Amino acid sequence: AKKTIRWKPVWRSIFVIAMAVPQFVSLRVMNSMFHTYGPINTLLLNLGFIETRINFWADVNIAKTLIIFINMWVGIPYYMLLISGLLLNIPKDYYEAAEIEGAGKFAIFRKITFPYIFFMTTPLLITGFVGNINNFNVIWLLTNGGPSGQGTGGVAGGTDILITWLYKLTMYDLNVAQYDMGAAIGIIMFIISATLSLIIFRRSSAYKKEE
């Protein structure tokens, strides 16, 4: 949002493209990109960075890291557009007064920009937190929760979260469905999501200073 940045519409458009493409398509493309015989492996081989192909999705630590960054990539555009709008609505008088008083850029960000943005986005951040606890699409479309047998007690996959584990227990193979375990996981997910959401929201400035 700084005035000194050139071609801002271009940079924003690049991020918005990621949001315009359906998430299903984006995630499956990313899955193929990091496949053992995908373009990333081929590029690294051609450049001489690796000698043998890497099975990105079979290594638990690499798979988890990729999931985090890909999830950030598909989620950043929405928050970017939201925060861009909020930045435009911060009264310019605050910044002018701070500069007159001799405040530095970091102090202005810490005392004006960040508190304002955080106050306005707290409810949305809580929603995003709960949404990621139940983020079935990213995990399932990238790794199917795998590598298999490397999660909790060797039962869940190495990248499974509660929602994908619940799906595997109840719907993935109906011949061995474990509805009792699935019900227990569903209840645990609700307790975690509801409890943390209420605690965080009631302790936030957005709740205490709503008026």
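How exposed is Phe136, and what is its relative accessibility? At 23% relative accessibility, Phe136 counts as partly exposed. Buried means under 20% relative accessible area, exposed means over 50%, and partly exposed lies in between (1.4 Å probe, protein chains only).

The model is predicted: local features need pLDDT of at least 70, side-chain atom pairs count only at pLDDT 80 or more, and totals for chains, interfaces and linings use all residues. Residues are numbered from 1 along each chain as its sequence is written, and side-chain values use heavy atoms, with hydrogens and water left out.

View 1. Helices (H or I, at least four residues) and strands (E, at least two) are DSSP runs, numbered from the N terminus. A search of the whole structure finds eight aromatic pairs. One of them is Phe136 with Trp140, a stacked pair with 5.5 Å centre to centre and 20 degrees between the planes. Rings of Phe, Tyr and Trp (its six-membered ring) pair if their centres lie within 6.5 Å; planes under 30 degrees apart count as stacked, over 60 as edge-to-face and the rest as tilted. Both residues lie in helix 7, four residues apart, about one turn of the helix. An α-helix has 3.6 residues a turn, so residues three or four places apart point the same way.

**View 2. Trp140 and Tyr167.** Trp140 counts as buried because its relative accessibility is 13%. Trp140 also pairs edge-to-face with Tyr167, at 5.0 Å centre to centre and 75 degrees between the planes. This pair links distant parts of the chain: Trp140 is in helix 7, Tyr167 in helix 8, 27 residues apart. Tyr167 is at 30% relative accessibility, so Tyr167 counts as partly exposed.

**View 3. The buried residues of helix 8.** Helix 8 spans residues 162-172, and its buried residues are Thr164, Trp165, Leu166, Leu169 and Thr170. They pack against helix 7 (136-143) and helix 9 (179-203). Contact here means heavy atoms within 4.5 Å.

**View 4. The salt bridge of Asp160 and Lys168.** A salt bridge is a side-chain nitrogen of Lys or Arg within 4 Å of a carboxyl oxygen of Asp or Glu. By this rule the count comes to one. Lys168 bridges to Asp160, with the closest N and O atoms 2.9 Å apart. Asp160 counts as buried because its relative accessibility is 15%.

**View 5. The loop between helix 7 and helix 8.** Pro147 lies in this loop. The peptide bond from Gly146 to Pro147 is cis, with omega near 0 degrees. Asn144 lies in the loop between helix 7 and helix 8 too. Phi of Asn144 is near 55 degrees, a positive value in a residue other than glycine. Most residues other than glycine have a negative phi, and most peptide bonds are trans.

**View 6. Trp7 before helix 1.** Trp7 is in the segment before helix 1 (8-20). Trp7 counts as exposed because its relative accessibility is 55%. Arg6 lies over the face of Trp7, at 4.8 Å from the ring centre. A charge sits over a ring if NZ of Lys or CZ of Arg is within 6 Å of the ring centre and within 35 degrees of the ring normal. Phi of Trp7 is near 55 degrees, a positive value in a residue other than glycine.
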